[in-house]
Every structure is written in C-alpha cells, then in structure tokens.
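Dear colleague,

I am passing on the structure we spoke about, with the sequence alongside. Please look through it below before reading the notes that follow.

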Amino acid sequence: MKFIRQAAIADILLGLWLLAAPSVIGYQATRAVAVFEDLLPGAFLLVTAALVLFMKSGAFRLEWLQLLCGLWLLVGAVALTFQRIPKGAVNDL
C-alpha cells in the first residue's frame with residue numbers, strides 16, 4: 001500500500017510537470033499540437049493519480065489507464081519529432 005501511495009504522488013508531480021512544461025521549456029508558441037500532447041495526459045495523470053491516492057479499492061484499474069497515458073506520450077514524442085518540435089518530443093520521452 002505504501003508503494004501505491006508513493007507512485008500516486010510521483011504521478012501527481014509528473015502530471016503537474018506536463019501541465020507546466022510547455023510554458024517552462026518554451027515550446028507553447030511552436031504548435032498547438034505540442035501543447036495538447038502534454039496538457040491532456042498531464043491533466044489525466046493528475047486526476048487519476050489523485051483518485052488512486054484517495055480510493056480504497058479500484059486503484060489497479062486506474063493504473064492501467066495511466067499506462068495507456070504513458071503509451072500516448074511515447075507515441076506522441078515520435079509524432080512531435082516528425083513535426084520538428086524536438087523540445088516537446090524530448091520532454092514527452
């Protein structure tokens with residue numbers, strides 16, 4: 001149970017970073033796709049990690065959805081590389 005709590009806190013921090021990254025790194029003005037690629041998974045991770053942190057049961061199902069979010073970031077990094085947005089691609093990887 002302690003590991004799940006620590007992982008949920010790490011996911012919350014990752015979600016916050018994904019929400020802030022476009023403006024911190026400076027690629028928000030490049031293309032809207034790059035910003036969307038970070039904002040949607042960031043918000044999703046933030047919400048699901050908070051649910052995992054505060055739920056008594058059912059956390060395992062949400063963690064599988066977080067895995068899909070991670071796959072989205074990997075595929076999105078490849079797409080951003082082809083669109084010549086290297087800062088966004090490196091951040092997603």
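**How α1 and α2 pack**

In this predicted model, helix α1 passes helix α2 in a left-handed crossing. By class, the contact between α1 and α2 has 20 nonpolar residues, together with two polar and three charged ones. The axes of α1 (residues 2-26) and α2 (residues 32-54) come within 7 Å and cross at roughly 155°; angles over 145 degrees count as roughly antiparallel, and α1 and α2 are therefore roughly antiparallel to each other.

Turning to α2 itself, its 23 residues should span 33 Å at 1.5 Å a residue, and this agrees with its end C-alpha atoms, which are 33 Å apart. The buried residues of α2 include Ala34, Val35, Leu45, Ala49 and Val52, and also Glu37 and Asp38. Threonine 48 also lies in helix α2, and because its relative accessible area is 4%, under the 20% cut-off, threonine 48 counts as buried. Between threonine 48 and aspartate 11 there are 8.6 Å in space, C-alpha to C-alpha, although the two are 37 residues apart in sequence.

As to confidence, the protein averages a pLDDT of 80, and 88% of the residues score at least 70. Confidence is highest in helix α1, at a mean of 86, and lowest in helix α4 (residues 86-92), at 75. Where pLDDT is low, the predicted coordinates should not be read in detail.

With best wishes

How values were computed. Residues are numbered from 1 along each chain as its sequence is written. This is a predicted model: local features need pLDDT of at least 70, side-chain atom pairs count only at pLDDT 80 or more; totals for chains, interfaces and linings use all residues. Side-chain values use heavy atoms; hydrogens and water are left out. pLDDT is the predictor's confidence in each residue, from 0 to 100. Helices (H or I, at least four residues) and strands (E, at least two) are DSSP runs, numbered from the N terminus. Axes are lines fitted to C-alpha atoms, for helices over the stretch in contact, and angles run from 0 to 180 degrees between N-to-C directions. Angles under 35 degrees count as roughly parallel, over 145 as roughly antiparallel, 65 to 115 as roughly perpendicular and the rest as oblique. A crossing is left-handed if the near helix is turned anticlockwise from the far one by less than a right angle, and right-handed if clockwise. Ala, Val, Leu, Ile, Met, Phe, Trp, Tyr, Cys and Pro count as nonpolar, Asp, Glu, Lys and Arg as charged, and the others, Gly among them, as polar. The expected span of a helix is 1.5 Å times one less than its number of residues. Buried means under 20% relative accessible area, exposed over 50%, partly exposed in between (1.4 Å probe, protein chains only).
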